[in-house]
Amino acid sequence: MTTFAGRETAAPTAASFIELDERWSTHNYHPLPVVIAEAAGASVTDVEGRSYLDFLSGYSALNFGHRHPDLIAAAVEQLGRVTLTSRAFHHDQLGLFCRELAELTGTELVLPMNSGAEAVESAVKIARKWAHRVKGVPDGTAEIIVAGSNFHGRTTTIVSFSTDETARADFGPFTPGFVTVKYGDAAALRDAITPRTAAVLLEPVQGEAGVIVPPEGYFADVRAACDEHGVLLIADEIQSGLARTGTVLALDHEGVRADVYTLGKALGGGIMPVSAVVGRRDVLGVLKPGEHGSTFGGNPLACAVGRAVVRLLATGEFQQRSTELGAHLQTRLGSLIGSGLSEVRGRGLWAGIDIAPGGPSGREASEALATRGVLCKETHERTLRVAPPLVITREELDRGIDAIAEVIRP
């Protein structure tokens, strides 16, 4: 017997935990029927002792795997010192974190926040203020150009420029000031620029849309259009950044620099939410004391973990692993086109795979993979996202791909 939910009962099962979730938690997710209790590296274990390969990595929040020893050590050490001061005071981790992250990303100024959506909201505010104070756009009229099928978060302002009706339905009225164009269409983006345009906000790779890689030369054309018209380029690297695609920043593949980047997910090392806006000093520098803030943004614990993440990335090991294992992943998945898959897209250790007509739905495939010890998740009806931790071994990667091949085989 054991104590469960405040009373003596038999050892809890996965079903009993799922029942609790269904009864007491808001149903804003549709999780697979797996109840994770422990994790290490690229593997997790459920409450009944079954082991699974993690092929999702918390949507890239776990790039360094579960409980990476360097990250855990940094968190434990900081937990023994100080965890929160608020930005009403200085602390000994903030400046170091900001300097080290700026040096890693080749930027000049850092605004630490918590969630990815908070970073995007912050970037929107910065771009608008920059447009009003620097570019001379009349207050309240600035516009930001975004791409269709984007995913930048779930706040009211962010879903205002989503094209996913599931994200928008019943949440209006929506925030104005956004213009949507087709992702990958540089001509349409250029045509959408007006004297009121403050910024262009794009994902270097669209993750939620199914790991959509832009056409060659797209971002070079976007950069040229922004330069010609005095418009900021904001790159949302919350999913694509921090080694997921084989480089520190996914935009580096395009040979293009943004004026502002949003970072998150992996920046917290899979331990806590840590995000940041990084970019040019003359852009982020438009914020003055009292105009923007966050109680937990840039707290000592977050900065200590973020610094440990930066140290891991500074070695180049994870970028190399993503590049090498990613090439293997793309080759093996590509070989399944015509044998259960209709299309494979990706960059580095990240892929979107479309299940061919006649095969299982994305949800059915995810459930079948779980029974084979591989945790993956669908996006949209017939697409799976594959994003294992960058610490995964080649043998583990092959085991997961073999399971995918078995599940989608016609």
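The protein chain is divided into domain 1, which spans residues 69-315, and domain 2, which is made up of residues 316-376 together with 396-409. The structure described here is a predicted model. The centres of the two domains, domain 1 and domain 2, taken over C-alpha atoms, are separated by 28 Å, and the contact between them takes 20 residues from domain 1 and 14 residues from domain 2.

An open sheet of seven strands is found with the order 6-12-11-10-9-7-8, and its pairing is mixed. In general, the strands of a sheet pair through backbone hydrogen bonds, either parallel or antiparallel. The edges of this sheet are formed by strand 6 (109-113) and strand 8 (178-181), each of which pairs on one side only, while the twist from one strand to the next averages 20°.

Helix 5 (residues 116-135) lies across strand 6, strand 7, strand 8, strand 9 (197-202), strand 10 (232-236), strand 11 (260-263) and strand 12 (275-279), and its direction is at about 30° to strand 12. Helix 9 (residues 218-229) lies across strand 9 and strand 10, and runs at about 165° to strand 9.

Packing between helices was examined next. Helix 3 (residues 69-79) packs with helix 11 (residues 300-314) at an angle of about 155°, the axes being 9 Å apart. Because angles over 145 degrees count as roughly antiparallel, helix 3 is described as roughly antiparallel to helix 11. Helix 3 passes helix 11 in a right-handed crossing, and the contact is made by Asp70, Leu71, Ala74, Ala75, Gln78 and Leu79 of helix 3 with Pro300, Leu301, Ala304, Val305, Ala308, Val309, Arg311 and Leu312 of helix 11. The residues of this contact divide into 11 nonpolar, one polar and two charged.

Helix 14 (residues 394-408) takes part in a contact with helix 12 and in another with helix 13. The axes of helix 12 (residues 317-334) and helix 14 come within 11 Å and cross at roughly 20°, and the two helices are therefore roughly parallel to each other. The crossing of helix 12 with helix 14 is right-handed. In this contact, Leu325, His328, Leu329, Arg332 and Leu333 of helix 12 meet Arg394, Leu397, Asp398, Ile401 and Asp402 of helix 14, a set that divides into five nonpolar, one polar and four charged residues.

For helix 13 (residues 362-371) and helix 14, the axes come within 10 Å and cross at roughly 130°, and these helices are therefore oblique to each other. The crossing of helix 13 and helix 14 is right-handed. Ala365, Ala368 and Leu369 of helix 13 make this contact with Ala403, Ile404 and Val407 of helix 14, and the residues involved comprise six nonpolar, no polar and no charged.

Note on methods
Residues numbered from 1 in each chain as written. Predicted model: local features only at pLDDT ≥ 70, side-chain atom pairs only at ≥ 80, totals over all residues. Heavy atoms only, no water. Axes fitted to C-alpha atoms, helices over the stretch in contact; angles between N-to-C directions. Helix = DSSP H or I, 4+ residues; strand = E, 2+ residues; numbered from the N terminus. Parallel < 35°, antiparallel > 145°, perpendicular 65-115°, else oblique. Left-handed = near helix turned anticlockwise from the far one by under 90°. Contact = heavy atoms within 4.5 Å. Nonpolar A, V, L, I, M, F, W, Y, C, P; charged D, E, K, R; others polar. Pairing = 2+ DSSP bridges. Domains from an automatic or database assignment.
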